[in-house]
Amino acid sequence: MTWSVDELREAGRLTLDVLAEYVEASRRGQEPAVALPPMDEVEQTLQLRSLIQRGGLDLHRLPAFLRSYLDGTTRLHHPGYLAHQVAVPDLPAAVADLIHGVTNNPTAIYEMGAAGASVERAVVTWMAEKLGFDARRGGGVLTHGGSLANLTALLAARARMAPRAWTEGVPGDLAVLAPPTAHYSIARAVSIMGLGARAVLPLPVDRLGRIRVAAVAAAVAAARARGHRVLALVANAGATATGLHDDLLALGGTCTELGVWLHVDGAHGASALLTRSYRDPLRGIEQAASVTWDAHKMLRTSGLCAAALFRDASVLDAAFHQEASYLFDTQARAGVDTLRHTVECTKAALGLKLFLNLAWRGEQGLADYVERQYRLTRDIWALIRSRPGFECPFEPESNILCFRYGRSGDRQLALREALLREGRFHITSAQIDGERFLRLTVMSPATSVQTVEELLDEIVRVDDRISAGGVKPASLEQRVPEPREVAGS
Ligand SMILES: *Cc1c(COP(=O)(O)O)cnc(C)c1O
């Protein structure tokens, strides 16, 4: 069962032609940024069931199928795409996905792909250097996503504090201190590790959800007084809902003094290290014991490409204590098997996406993108503040911005729902200090200040219509579900 290489060329040409039209139309904002037809309708249009049962999709039918499929996508290249922290992929990263699709070399075992494994080591080394880790001691591993990177980091922290947990089970006294604004994957990792959700102890935060550093020593002391051993303290860089950063410089000092493992969740924000103008909130990140950094957010790779990075990479050796003789043999090898450092077994060639972006655009090219999006977000902030009826709860530190029109939380949700239905703009909402705001994540290079001017006009119009009773609240089934604001991405 094989295909001819001419078919590969033809499939590539047909697919790329349709994708090129798609990107072009999306960038021009011609099609809706988001389309949410009922799931059954999509299944019908795409003839999913009959294609599964009877097959028949071939090169002739591929372009038509692909066009229908793309009609059901959320268009990240669209200027009105302002929703989740998902990269608008750069071209080299898209090429990397195709290369992996054909070669399929898993990278966790060196003998299954020397090139991919070497690329992974090179990009991980680059990331560790960017963090300011010592080049000889720092390192880490790529994972399928920041959630797994957070789990990997906390597992390493657990192995340091409770080395026997792997074989004997988890002691009941371990705790993780985290601000309530931490990404939900932190609490999930703690539960997966068997500590129980109650082992996440909330750190005191200010009104905007940033850790109150002055209160950290007391929080650690209180936890210890209650018999907890503090496995790690988690800080945001930046927080998913707001993009705001905890004071890493001060936290680094405090954690060193207290002997606490500092884990910085920089899934979104760490990429600003490449910039000149916006890296200030990351000062002190080199003091972290571990850092999570997603390339599929601000470094423009498709999902997924994330890293768990460690100031002292040897801690990873203890994180996954397990023997599998057919994989973990002790023979001397040409390269490194990262298998012993990851949850994943068949791990994709994630590093190639980031590597090709770097090799093609240069570090400066990626920096320019981050700079542009961060600067644009400040311009958008200034615009929103200048419009009557709108307010912003904070000055953005990244490309995430919150605002509201009027004060009612229900009204913000109704506005978002109405916008999603129209599809020109895709935005989210978030809760800050118990109040509901609308939230923009400015990911698309096609977005401009003009785009947001149009969005604000649209919000005013929709708000008038809601007030006049022209927009009925959706019935329960039709409601567009609000992704948990902490769900991010
Ligand atoms: C997006 C995000 C995550 C989760 O990363 P995934 O790659 O989506 O698993 C974790 N932490 C923060 C702060 C994030 O913004």
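Start with the aromatic rings: there are seven aromatic pairs here, counting rings of Phe, Tyr and Trp (its six-membered ring) whose centres lie within 6.5 Å. Select Trp126 and Trp293: their ring centres are 6.0 Å apart and their planes sit at 35°, so the pair is tilted. For reference, planes under 30 degrees apart count as stacked, over 60 as edge-to-face and the rest as tilted. Now colour by secondary structure, and you'll see that this pair links distant parts of the chain: Trp126 belongs to helix H6 (residues 114-131) and Trp293 to strand E6 (residues 290-294), 167 residues apart. Helices (H or I, at least four residues) and strands (E, at least two) are DSSP runs, numbered from the N terminus.

Before moving on, a word on what you're looking at. This is a predicted model, where local features need pLDDT of at least 70 and side-chain atom pairs count only at pLDDT 80 or more, while totals for chains, interfaces and linings use all residues. Residues are numbered from 1 along each chain as its sequence is written, and side-chain values use heavy atoms, with hydrogens and water left out.

For Thr240 the distance to a ligand oxygen is 3.2 Å, and for Gln85 it is 3.3 Å. The protein covers 92% of the 380 Å² of accessible area that the ligand has on its own, by the Shrake-Rupley method with a 1.4 Å probe.

Now for the largest pocket. Its space comes to about 1,200 Å³, the volume filled by probe spheres set on the points, which are joined across faces, edges and corners. A pocket here is an open set of points on a 1 Å grid over the protein atoms alone, where a 1.4 Å probe fits, with protein on both sides within 12 Å along at least five of seven lines; lining residues have an atom within 4 Å of a point. Select Leu16, Leu19, Val23, Ala94 and Val95, which lie nearest the centre among 39 lining residues. Helix H1 (5-27), helix H4 (62-71) and helix H5 (91-103) each give two or more residues, with H1 giving the most, twelve.

Last stop, the backbone. Ala237 and Gly238 are joined by a cis peptide bond, omega about -15°. Another cis bond joins Gly303 and Leu304, omega about 0°.

Notes. A polar contact is a pair of N or O atoms within 3.5 Å; within protein, one must be able to donate a hydrogen and the other to accept it, and residues adjacent in sequence count only if both atoms are side-chain atoms.
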